[in-house]
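Colleague: Could you take me through this model slowly, and tell me for each label which value stands behind it?

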Amino acid sequence: MKQDIIKVNRNGIFVTLDRSQSAKMVYENPVNGEQFILYYNAIPGTDKTPTLSQRPDNVLTLKKKDAGQIKEYKYVFDAKYRLNPAYEGTPYQGKYGQPGPEEDDINTMHRYRDAIVYQEKGSGEYERSMFGAYVLFPYPDEERFKDHRFYKSIELLNIGALPFLPNATGLVEQFLDEIIRDSPEKAYERSTRPRGTREYYADQLAGKNVLVGSVRGPEQVGVAVRKAFYHMPLKNLASQKSLTQIEYVAMCQSRKKFIDPAKTGIHWVGKVADWKVLRRKEITEVPYRPGTEEELYVRFTVEEWKPLAAPIALGGQGIYTVLYTSKYILDRALELAELRLETEEALREWREKRRKGRVQVKLDHEEYVDLGRVVEVRNI
């Protein structure tokens, strides 16, 4: 990883902040390999605005792992070293009668968050790419500022202000710890979402359109993948009516049938093209066990079996016959237990508890420096 903000030579440490240039520092979480990048004077990637140019001072990009993919969450931290002293008769007098940032600076944060967008390659569609925007302003009394409306607005709208001076960095440090440790769901929750989003995701979670079934061993998995099908006893289904809701099937490989631990869990998922109820003897791809030839089975025709980029681990659990879940949860699960979660809140809570670890910075010369808390930097 590289950084081009701090330059070190024999004469000491120099911080380069040239408005005509862009710079960045790249950090890495050694526990999960996630990166977070601090950009100065630059809008990284394909972020832009179709209207007027926007260039905030600092953009923090958090790259979080979600369902085997890397999702980016970006936040503006803009230094506005102006202080509204809360004169009598101003909007800050009364309940919020204390110093704070200028209202114009807060309005600028709204503009940054709403105007800077990401253009999706291929489709050309625009999406808002900034998840929050915050004014950094000169004020030493952090405890007192907690009562200010522009501090409380961070939790409500993810827009607001934070005191930031050499002797007043506690609130910024606390906030950075929170957003770095956030799961992708929590990071998304912090942003102001369009009306109707909650109902949309409730539908995604409620629709249990994935059947996760057990398999008898490696041979069944091999034949199923080659022949693009999956079969199971009809009696194992909750009801025949549930067949009409199944859009995907996945195979769960148990510890009993797969000796190699790397082969256990869920490795394959396929979209259902068709299904039929047949007698077991009519399913000829796999030999039937004596006595089962007349039993009713469901044969799913799969468009294509696709390997999961990150297999879903058993994590101390298993599937005896069948489990139902939603594609939304399946795409984000790392362990089998997650497939049994029923609500967005339960999913977020599970993933929040899973995210723990310390953060380090990886410098140009490949050494790691602990970022527990930097108290002082001296040139010796």
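Colleague: Where is Glu34 found in the chain?

Modeller: Glu34 is found in the loop between strand S3 (23–28) and strand S4 (35–40); helices (H or I, at least four residues) and strands (E, at least two) are DSSP runs, numbered from the N terminus. This is a predicted model, in which local features need pLDDT of at least 70 and side-chain atom pairs count only at pLDDT 80 or more, while totals for chains, interfaces and linings use all residues. Residues are numbered from 1 along each chain as its sequence is written, and side-chain values use heavy atoms, with hydrogens and water left out.

Colleague: Why is Glu34 called buried?

Modeller: A residue is buried if its relative accessible area is under 20%, exposed if over 50%, and partly exposed in between (1.4 Å probe, protein chains only). Glu34 has a relative accessible area of 6%, so Glu34 is buried.

Colleague: How many aromatic pairs does the rule give?

Modeller: Rings of Phe, Tyr and Trp (its six-membered ring) pair if their centres lie within 6.5 Å, and planes under 30 degrees apart count as stacked, over 60 as edge-to-face and the rest as tilted. By this rule the count comes to nine aromatic pairs.

Colleague: What makes the pair of Tyr27 and Phe36 stacked?

Modeller: Tyr27 and Phe36 lie 5.4 Å apart, centre to centre, with 10 degrees between the planes, and the pair is therefore stacked. Both Tyr27 and Phe36 are buried.

Colleague: And what makes the pair of Tyr134 and Phe175 edge-to-face?

Modeller: For Tyr134 and Phe175 the centres are 4.9 Å apart and there are 70 degrees between the planes, so this aromatic pair counts as edge-to-face. Tyr134 lies in strand S10 (residues 130–137) and Phe175 in helix H4 (residues 170–181), so the pair ties together parts that are 41 residues apart in sequence.

Colleague: How do you know that Tyr134 is buried, and that Phe175 is buried?

Modeller: Tyr134 has 0% relative accessibility and so counts as buried, and Phe175, at 6%, counts as buried too.

Colleague: Which residues of H4 are buried?

Modeller: Leu171, Val172, Phe175, Ile179 and Ile180 are the buried residues of H4. They cover an arc of only 160 degrees around the axis, which puts them on the same side of H4; the arc is that of the directions from the helix axis to the C-beta atoms.

Colleague: Where does the charged end of Arg111 sit?

Modeller: The charged end of Arg111 sits over the ring of Tyr112, 5.5 Å from its centre. That wording applies if NZ of Lys or CZ of Arg is within 6 Å of the ring centre and within 35 degrees of the ring normal. The charged end of Arg280 likewise sits over the ring of Tyr297, 5.5 Å from its centre.

Colleague: Which residues of the largest nonpolar core touch the most other members?

Modeller: A nonpolar core is a set of buried Ala, Val, Leu, Ile, Met, Phe, Trp, Tyr and Cys residues joined through side-chain atoms within 4.5 Å. In the largest one, with 20 residues, those touching the most other members are Leu211, Tyr230, Leu237, Ile246, Val249 and Phe300. The elements that give two or more residues to this core include helix H7 (218–227) and strand S16 (296–312), and S16 gives the largest share, four residues.

Colleague: With which residues is Ile246 in contact, leaving aside its neighbours within four places in sequence?

Modeller: Contact means heavy atoms within 4.5 Å. Ile246 is in contact with Asn209, Leu211, Val272, Phe300 and Tyr324.

Colleague: Why is Asn158 called buried?

Modeller: Asn158 has a relative accessible area of 1%, so Asn158 is buried. Asn158 lies in the loop between helix H3 (149–157) and strand S11 (159–163), and has a positive phi of about 65 degrees although it is not a glycine.
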